[in-house]
Amino acid sequence: METVFQPRHQARLRRGKIDVGDADLGESQFASPRAQGFHQGSDIPAPASAHGLMSIWSLMHPTILETRKLHWSDETDCERWAQALARRPALRDACIELHGTLGAGKTTFVRHLLRALGVAGRIKSPSYAVVEPHEAPGLQAWHFDFYRFNDPREWEDAGFRDVFGAPGLKLVEWPEKAAGLLPTPDLRVHLEPLDEHRREVKVEALTARGQEVLA
Ligand SMILES: Nc1ncnc2c1ncn2[C@@H]1O[C@H](COP(=O)(O)OP(=O)(O)OP(=O)(O)O)[C@@H](O)[C@H]1O
Ligand SMILES: [Mg+2]
């Protein structure tokens, strides 16, 4: 198979064993009742006394409603998972954060997803522009990369608040760099490279829409 794009890193596609079936979005692991309301897995106790502090805590640590673990043997698995997500109607208004080190595969996943959603032409990486808008029939999408985002004033000036408040698909690389400004996403995808091709993937649904996308 030939690659249809030119990411920053050399793309090497090969076929391999696929754990995620075409329509399979991964195994579900529901959050335990104990974890509801707090960041799953966190051992830090929530401030219990003041209601205001609890609200701030909930904003900073939104409830993880559902967690899925995937294993991608190679980029073909990434592509197939992107194609499966693209078939979910709820995806078109979702906000998805992509976490992972440089070269983990965030942009690669976004490109496969936008392709599967019908975006034609070259899908540029937004590294320098912070955001690249994309359109396809029935789709308005924004691909953010906050890696070089260092002036919070740009959040208002560039109209990012309006974009995140509007319908449409929002895909966000390096959300950590805009922490405190971004709304709670519907999905958080964590990509962990095991070697050149294999990725451990953890997907967290933080909203009902996120759960719908994974349903
Ligand atoms: N299973 C896989 N899933 C995704 N990408 C893979 C996989 N195996 C290999 N790759 C390759 O890893 C590279 C990932 O690069 P990519 O630009 O997507 O990373 P990134 O996470 O966006 O990095 P950055 O933080 O620099 O933006 C690509 O060359 C891609 O072809
Ligand atoms: Mg990238």
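What percentage of the 215 residues in the chain is made up of buried residues? In this predicted model, for which local features need pLDDT of at least 70, side-chain atom pairs count only at pLDDT 80 or more, and totals for chains, interfaces and linings use all residues, side-chain values use heavy atoms, with hydrogens and water left out. Residues are numbered from 1 along each chain as its sequence is written, while chains are lettered from A and ligands numbered from 1 in the order in which they are written.

Buried residues account for 46% of the 215 residues in the chain, where buried means under 20% relative accessible area, exposed over 50%, and partly exposed in between, with a 1.4 Å probe and protein chains only. The secondary structure comprises six helices and eight strands, taken as DSSP runs numbered from the N terminus (helices are H or I with at least four residues, strands are E with at least two). Of the contacts in the chain with a separation of 6 or more, 68% are accounted for by residues 24 or more positions apart, a contact being heavy atoms within 4.5 Å.

Helix H3 spans residues 106-116, and nine of its eleven residues are buried, so H3 is largely enclosed by the rest of the structure. The buried residues of H3 include Lys-106, Phe-109, Val-110, Arg-111 and Leu-114. The axis of H3 comes within 8 Å of that of helix H2 (residues 75-86), and the two cross at roughly 45°; axes are lines fitted to C-alpha atoms, for helices over the stretch in contact, and angles run from 0 to 180 degrees between N-to-C directions. H2 and H3 are therefore oblique to each other, given that angles under 35 degrees count as roughly parallel, over 145 as roughly antiparallel, 65 to 115 as roughly perpendicular and the rest as oblique. On the H2 side, Glu-75, Cys-78, Glu-79, Trp-81, Ala-82, Gln-83, Leu-85 and Ala-86 meet Thr-108, Phe-109, His-112, Leu-113 and Ala-116 of H3. The residues of this contact divide into eight nonpolar, three polar and two charged, with Ala, Val, Leu, Ile, Met, Phe, Trp, Tyr, Cys and Pro counted as nonpolar, Asp, Glu, Lys and Arg as charged, and the others, Gly among them, as polar.

The magnesium ion (ligand 2) is coordinated by Thr-107 (OG1) and Glu-173 (OE) at 2.0 to 2.1 Å; donors are N, O and S atoms within 2.8 Å of the metal (3.2 Å for Na, K and Ca), and sites may look incomplete because water is not among the atoms. Thr-107 lies in H3 and Glu-173 in strand S6 (residues 169-173), so the pair ties together parts that are 66 residues apart in sequence. Thr-107 counts as buried at 13% relative accessibility, as does Glu-173 at 3%.

Several loop residues were also examined. Gly-105, in the loop between strand S3 (95-99) and H3, counts as buried at 16% relative accessibility, and its C-alpha atom is separated by 7.0 Å from that of Leu-191, 86 residues apart along the chain. Most residues other than glycine have a negative phi. Val-130, however, has a positive phi of about 70° although it is not a glycine; Val-130 is placed in the loop between H3 and strand S4 (131-136) and counts as buried at 5% relative accessibility. Trp-174 likewise has a positive phi, near 50°, and is placed in the loop between S6 and strand S7 (187-193).
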